[in-house]
Amino acid sequence: MNAWILLAGWVGFGALAVGTAAFIVTSIIEGRWRAARVAVLVFAPLLVILAPVLAVDYPGRPWLVLALLVLGVTTVAILTLPLGQAPPLRLEKTQERIDERDAVFHRFYRLRPGMPEFDEYYRWNPEKYEFDEKVRKLPQLAHPGTGTYDPLSSPFTIAAFDVLEGMTREIEWTPAPIEDGPLRASPEEFTRRVKGFARYLGADLVGTTKLNPAYVYSRIGRSPGKWGEAITLDHEHAIAIAVEMNHEMVRHAPKAPTTTETAFKYFEAAKIAMVVARYINFLGYEARAHVDGNYRVMCVPIACDAGLGELGRLGLLMTPRFGPSVRLSIVTTNLPLTQDEPIHFGVQHFCGICRKCATNCPSQSVDSGDRKFVNGAEKWQTNRDTCYRFWRTNGTDCAVCINVCPYAHPRTPLHNAVRWVVRRNSPARRVALWGDDLFYGRQPESQPPLPHWHAKTGSASG
Ligand code: SF4
Ligand code: SF4
C-alpha cells in the first residue's frame, strides 16, 4: 500500500515537473520572458521542496504524501468540474434600431465641413461639435504628425485600407437571373455549402442565425448611399464570418504593425463575405455583404447570435478560440439557412472580475464599472469618442485592449487547456486571472522588436 502511495506521489511530482517545463518552454517560444522567469521562481522551489518529501525515508512519509495527493487531486477537481456556469448576456425584448449616423466613424469619415450633412448633423447634435472639431484637427491614422508615423511602414496600413475601400463601395448586387427560379435545396444543404465555402476562402469561424431586425441600422450614415436615408433590409438570415488576427502583430499594440494587421484582416473578412454573397446571388437569392466601411447591420450582436462568441467588456466579440483577436464581416440573405445557437463560455463572469483592458487602456475609454442596460442589452459601455481621439493622436487603431486580454493568448496546448477550464468552471476563472496577472503582469510587458519589414526607418531590428 505504502509503495503504491509513493508511486502515485512520484507520478504527481512528474506531472508537476513536466507541466512546469512545458510552461517555461512555451513562454520562451512566445517571447514571454517574464512568464518564464516567474515560473522558474515559483515552481523550482516547490519542486525542490517536494523532491525530498518523496525521496527521503522518514516516519509518516506515506501519510504526508497521501495528504499532498488528496490536496492536489481535490484542487484539480474543483478547478475542472463544471461548477458555477456564468450567466449569458441579458437582453431585453425591446431593442431599438441604431442610426448609423450615431457611430463615431460616420462623423469623421463621411462628414466634411461645408457639406449640408455636416451642418445638419451638428444642428441636431451641437454637444458633439467642439469635441469633433478638436479631433478633426489631428492628423489621420498612419499619417505624418502622429506618434507612430514612419514614411516607409505607415503606408502598409494606408494601402490595405485604400484597396479595401475601392473594393467595397459597390456591393449592392442582385441575384443572377435563373430560368427556373432560385435553386432549391434544404436549409441544411445550403448551410453546409455556404459554411464550407467561407472556410475555404479563409474564414476561421462561420455561424448562421436569423437576422434580428434590431441589428439593422435604421438610417445610412458612414456607408455608401444617400445620407440619412431609411435602411430597408428584409433578409431573414445572417452569416457571421470571423478571421483571426495574427498574434505576433497584435502584440505590438499600440504601435503600427497592429493596424497593418487590422487593415489586412478587414480586407480578408470583406473578401470572404463578398464572394459568399455573390455565390448566393448565383444560386438565385438575395445577399448583401456587410464589410468595413460599408455596413447596413451591426456585426458584433449578429456574430453573438450566430454562436461565434460573446460580448466582452471591451465592447468587442470574444471568441472561445481567439478571444477578441478577430475581425468580422456579415452576409445577410434570404437564402434558407439553419441557425446556430448562441454560446456562453464564461465571458460575462470573467470580464466582470478581470478589467485588464480597462486598466491598460491609454485613454481610459473602457468601462471599468458594472454592466448597465443600454438599448436593451446589459453591457459595458466603451467610450468610442475618447478611444478614437487616441487613435488619431497615436496614428494607429491602438488595440491595447485586445493585446492584454487573457483570452487573446495564442492557441498553444497550455493556453487551450486554460481556455477549456475557464469555460466550464467559475473558481478556475479566478485562478486563471490571478495566474495571468502573476505570470504576464497586470500591465503589458515589454514588446518584442518590430518585424524587420515594419521597423521605423533607420531603426530596423527583429
Ligand atoms: S481584458 Fe479582461 S475584462 Fe477585458 S475583455 Fe478581456 S477578459 Fe474581459
Ligand atoms: S483601442 Fe485602445 S484606446 Fe480604444 S478602447 Fe482599446 S485600449 Fe482603449
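Helices here are DSSP runs of H or I with at least four residues and strands are runs of E with at least two, both numbered from the N terminus. The model is predicted, with local features needing pLDDT of at least 70 and side-chain atom pairs counted only at pLDDT 80 or more, while totals for chains, interfaces and linings use all residues. Residues are numbered from 1 along each chain as its sequence is written, and chains are lettered from A and ligands numbered from 1 in the order in which they are written.

Turning to the ligands, α14 (384–394) and α15 (400–404) each put at least two residues into the shell around ligand 2. A residue counts as near when its C-beta atom, placed from the backbone, lies within 6 Å of the molecule. Among those around ligand 2 are Cys361, Cys387, Cys398 and Cys401. Sorted by class (Ala, Val, Leu, Ile, Met, Phe, Trp, Tyr, Cys and Pro nonpolar; Asp, Glu, Lys and Arg charged; the others, Gly among them, polar), this shell has nine nonpolar, three polar and no charged residues. Ligand 1 has 13 residues around it, and Gly312, Cys351, Cys354, Cys357 and Cys405 come nearest. Two or more residues each come from α12 (347–354) and α13 (356–360), with α12 giving the largest share, three residues. The shell of ligand 1 holds nine nonpolar, one polar and three charged residues.

As for the sheet, four strands line up as β1-β2-β6-β3 in an open, antiparallel arrangement, where pairing takes at least two DSSP bridges between two strands. β1 (205–210) and β3 (287–290) sit at the edges with a single partner strand each, so one side of each has no neighbour in the sheet. Four bridges join β3 to β6 (326–333), and Ala289 stands opposite Val331 in β6.
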